Amino acid sequence: MSAIASPRNAVVAARAAFGTSSTGQIYGVLVLVLVVTWSLILATGGNINLTNTLVRSVALGIVAVGQTFVILGGSLDLSVAYQVSVTAVVASVLMDGDPGNIWWSVLAVIALGAAIGAINGIIITAIHINAFIATLGTSLILRGALNATFDNYAGEVPDEFQPLGYSRFLGIPYSVLLLLAIVATGWWILRYTRFGHHLYAVGASEETARLSGVRSGRVLIGAHTICSITATLTGLFIISRLSAGAPWVGPDGNYDLESIAAVVLGGTALSGGRGGVLGTFAGVLILALLDNAFNQLQINTFLKDVVRGVIIIAAVAIYALRQRRDVR
Amino acid sequence: MRGVRDGMTDPTTSQTAGAVGLDSDRPILRLSRINKGFPGVKALTDVDLEIRVGEVHALMGENGAGKSTLMKIVAGVYQPDSGTITLDGEPVHFAHPREAQERGISIIHQEFNLLPERTVAQNIFLGREPKRGWIVDSREMERRTSEILTALGVERSISPRAMVGRLSVAQQQTVEIAKALSFDARIVVMDEPTASLSPAEVDALFSRIRALQERGIAFIYISHRIDEVMALSQRITVLKDGRNVGTVTTADTTASQLVSMMVGRELSSYYPPYASPEEIGEPVLEIVDGGNERLRDIDLTVRRGEVVGIAGLEGAGRTELARAIFGVDPFTTGTMRLEGDTVHFTHPRQAIRAGIGFLTEDRKVEGLVLPQSIRDNNLLAWRSIGRSGRLRNLPPPDPADQARRVDLRAAGFDQEVRFLSGGNQQKVVLMKWLSTGARLFIFDEPTRGIDVGAKAGIHELIRELARAGAAILMISSELPEVIGMSDRIVVMRNGTIAGELPRESTETEIMALAAGEADVKVAS
Amino acid sequence: MSTVTGIPPKGYQAIPDDSPARRVLRGMLVTAPIFIVLAILLVWITIENPNFTDPPIFLLFLRRAAPLMILAAGQLFVIISGEFDLSVGAIITTVVIVAARLTNGDPDRTWPVIALLFAGGIVVGLANGLITTRLGVPSFITTLGTMLMLNGATLWWIGGTPKGSLPDNFRQWGRLGIDDVPWLGQLPYSVIALVIVGAFGTWLLHGTSYGKQVFATGGNPRAAWLSGVDVPRVRTVAFVLSAISAVIAGILLGGFTGVSPSAGEGYEFQAISAVVLGGAVLGGGRGAMIPALAGAMTLEALFTLLNLLGLPQPLRYSVQGVIIIIAVGIAAFRGRKTR
């Protein structure tokens, strides 16, 4: 019996995944938010819009999984928003309305994303530049290049690509399946691969990891590459719901700071070494539920920002408190 | 002046050095004419070193002598500027510690390299997690970890799944040792491994080392503890100022010979004289019935001119006592009086204003701001405590005079303290407290990680501070230091005071109190 | 005080010492590279536009640069203490919008509103500081949260579209100055503010105990605390300084930009970039005031140059990004070599 398949290990894995108290906690909060918001919505005669909520989570959720990797490693990626834009525009241009172009365009864009991620990683590890500054720099570079070349919708997305955005499989939208697949893959990588173990180590203490033979540079480059690939997938998802890509889709969605917010909301420590994608998933869902609730209850969207700010701070404060109590 | 007593050899070891079976003098590792320099300092000059199969080879020398640098070269952390390293007869070059590890050379650093948020098993197998296909085999990892922990005798107290951050310091040390042992290493470098171990744990470590020696594993043992080195090693190499001044056979040498090799002169004694009765004045610190979460029933008095030594095993509560006095983890019961005034500190600032100085165990982490200059570190406390009350008449610190007083060696007052040696760093910390006009000094392991020459200097300083009218509380795990320095010895155990002993008590008497009668296997 | 006895003499050598003036200068001019970069940019601008060195023209440049430089001055305290302040952009936006709404064009309201704005800034700074120090929330997250809250609250209050306008005696601070100054022409109020803030900031950071405590707090917070530094208070004061500098920057910016919901957008990143260009380390413990101001001026010089060169607007972002990476990379490289 393989190492994964045995039932005992399934239980152990489940307990490991949810037993980390902070992850369990945030799921508790998720349930609470769900109950409260849905009750309020139903009480005021609105629609729960579960599917809608999930679909809204997809774009942020996919890139937040990637951001989780980067933050776990003790790094940060502020350039994801513009990476999403770059993907959207380039893919749209490459596809150029022709369904025959879809597959190789997707591959090309993923390769481009991976390259950008690798470059981010290299700048940070080889030149020893702080991740904040390095990714701020690349986001500016991408922004400039993008806006200098395109100032409007560009390219054309063939209709055949739209199922990703709109169709369902057994009642579940493809996009949601994609998100779930990415979350599952991310979880699996972190828990079961050496890369995942090393990523946690590098985030907790790069020095210790390196002295133990971990190639911290490679690990971080890998994390940034994964993050960029998820940004790419988000870009692809976005254009599957549009007829063409545009340079503003990334910054409009605020994916940089929002993905970081979702990650820390989910219990991953900003300093690295602690947390995981399951928590991030819960964080994304909470934000999406709040979004939906505010819309349905017709509360001013600006107030939503205030509430989000409060929630993020409160969540991280609670995590910090637990951490102080647990580890001496 | 009193002499070094030979009775300081570890009495728990009846084995004489050299009795371990070695059937060959075959060298396994040879370093030849190693040179290493850093900007501003030449760390190693033409150092030769030879390590034989299955020997425990001790490395001694002052801080700054180059021991740490040399060992980092052996372990692949640094690369030499010139010279050769030969392993099993063939030249090797380690560009990275991993290469050294793969060739069988492991190093256990003085500061642990553990990840608090990962489990014991994950820490031990970091970087070499066992795999089945693409997947990390956690079960196998934990099984192998259990094996090693059992072999070390700690399977009951440490589980492979335990989070390292929740283990005690001594347990973390054990995990570090387990990690090195898990590498099937042929040479294990240990840098001050027993700094935080109890005598029982030291025994276990020594037995383990001897057992591994019989399998042909060699140890390079860096330590300042002469008694341990004499008990454990077969040969000793002494470094001084970056050079190898000699390798001796342990059985053929004495403690004082070693010391003179390290500092280059015959030192007939280590310790300054005790305080005479006239020199001891009124109480400066009085604690009655003090207690908090970790301490209870603390009754303690320290007088002007007196050095009170605090002895005890790891975990007995000595540092906790210091922190309670200083306001870090304050007392919740009882009373504390400072020169007659009842005080209760909840913040170090208050304690500092009242005239207490605390030299912590780990000066680099808690005592100094490493990127800042000597001057800024010196003035750090003085700048933070304001000018009101008692401090109104405090004269501004004179760095030059203080530096002379403590015999500080540095290139300039604007030099960043991270470039100083351990002993000089400790002196800067002391200068910081001198600047605040402290009248009660708490020293926590004042000479840990400091070479013999500088140690004596610190001891002199402590005694001189007392003579100038300060009250001194000195926590130390080095029994010779406790015995040599203390006018009175207070022994702690389990968070309370187990007893008080007069000066010049024996190690046996102190250990009996510290460990509780039942645990002592000491031959008296 | 007697010297140490008992150790066989190794020969004690007195430690050499610099004069206070040399020390102060060395401490303040920690990073040379940024000045070289700035000089190159200024020279290049002059080549493109020889009028640049005319005092009135140069003062206009300074007037434009002043808000960012003042912002950088405040951010520097936060960065050296080991934290981030991402809320300054939102503070600027709030200042501009709230000022417009509350004054509604009425000059008599200017001073009370300005007082209110400063009070509000202090409150935000205190909030940032207390949340970070008392609740243990990393400042990145705290100030991200306050940024969201400020933006949300402000826009909610005005219902989405900015209303009102700024009276002339409010806008004058950003736009006008003292007229008929010999040789200089008009001395912009912004520049006066810049000089005052710069001088005050330099004194506070490099000349006072508080400043040394900021460095200690960022360099080793634990050791600083054990040495009596009130670390939470030092950090909170730094946040307050940063918020106040944002209020000043906002008032100046309100003078010549329009009143819009994106008035302050992006300024937090520019301020942090400026400070880092000036040699501050994002982990805390290192940095200096004059180089940080130079870093901000460098960014503005860069924008000016790119305009003069006729580069398409968007490309200026790319150039900014490249410069930031190169500058920080060089500093990191030099830093490693001295170890």
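Let me begin with confidence in chain B. The mean pLDDT of this chain is 83, and 90% of its residues reach 70 or more. Two stretches call for caution. Over residues 1-22 of chain B, pLDDT stays under 50, and the model has 44 contacts for them beyond four places in sequence. Residues 517-524 of chain B also have pLDDT below 50, with twelve contacts beyond near neighbours in sequence. Where pLDDT is low, the predicted coordinates should not be read in detail.

I turn now to a sheet in chain B. Six strands form an open sheet with mixed pairing, in the order S18-S19-S20-S15-S21-S22. Its edges are strand S18, residues 356-359, and strand S22, residues 496-502, each of which pairs on one side only. On average, and with direction ignored, neighbouring strands of this sheet are turned by 20° against each other.

Which residue of S19(B) is the bridge partner of B:Gly357? The partner is B:Phe441. A helix also packs on the sheet: helix H15 of chain B, residues 452-467, touches strand S15 (307-312), S19 and strand S20 (471-475) of that chain. The direction of H15(B) makes about 150° with that of S20(B).

Next, a helix pair in chain C. Helix H8, residues 189-207, and helix H9, residues 209-219, pack with their axes 5 Å apart, at an angle of about 65°. Because angles of 65 to 115 degrees count as roughly perpendicular, H8(C) is described as roughly perpendicular to H9(C). On the H8(C) side, the contact is made by C:Leu204, C:Leu205, C:His206 and C:Gly207; on the H9(C) side, by C:Tyr210, C:Gly211 and C:Val214. By class, this contact has four nonpolar and three polar residues, and no charged ones.

Leaving aside neighbours within four places in sequence, its contacts are B:Thr174, B:Ile177, B:Ala178 and B:Arg208. B:Val53 lies 99 residues from B:Leu152 in sequence, with 22 Å between their C-alpha atoms.

I close with the interfaces. Between chains A and C, 38 residues of chain A are in contact with 37 residues of chain C. On the chain A side, helix H6 (131-149), helix H13 (255-265) and helix H15 (301-326) each supply at least two residues. H15(A) gives the most to this side, with 15 residues. The chain A side divides into 25 nonpolar, eight polar and five charged residues.

The contact between chains C and B takes 34 residues from chain C and 39 from chain B. On the chain C side, the elements giving two or more residues are H9 and helix H10 (221-226) of chain C.

Notes
Residues are numbered from 1 along each chain as its sequence is written. Chains are lettered from A and ligands numbered from 1 in the order in which they are written. This is a predicted model: local features need pLDDT of at least 70, side-chain atom pairs count only at pLDDT 80 or more; totals for chains, interfaces and linings use all residues. Two strands pair if DSSP finds at least two bridges between them. Helices (H or I, at least four residues) and strands (E, at least two) are DSSP runs, numbered from the N terminus. Axes are lines fitted to C-alpha atoms, for helices over the stretch in contact, and angles run from 0 to 180 degrees between N-to-C directions. Two residues are in contact if their C-beta atoms, placed from the backbone, lie within 7 Å. Ala, Val, Leu, Ile, Met, Phe, Trp, Tyr, Cys and Pro count as nonpolar, Asp, Glu, Lys and Arg as charged, and the others, Gly among them, as polar. pLDDT is the predictor's confidence in each residue, from 0 to 100. Angles under 35 degrees count as roughly parallel, over 145 as roughly antiparallel, 65 to 115 as roughly perpendicular and the rest as oblique.
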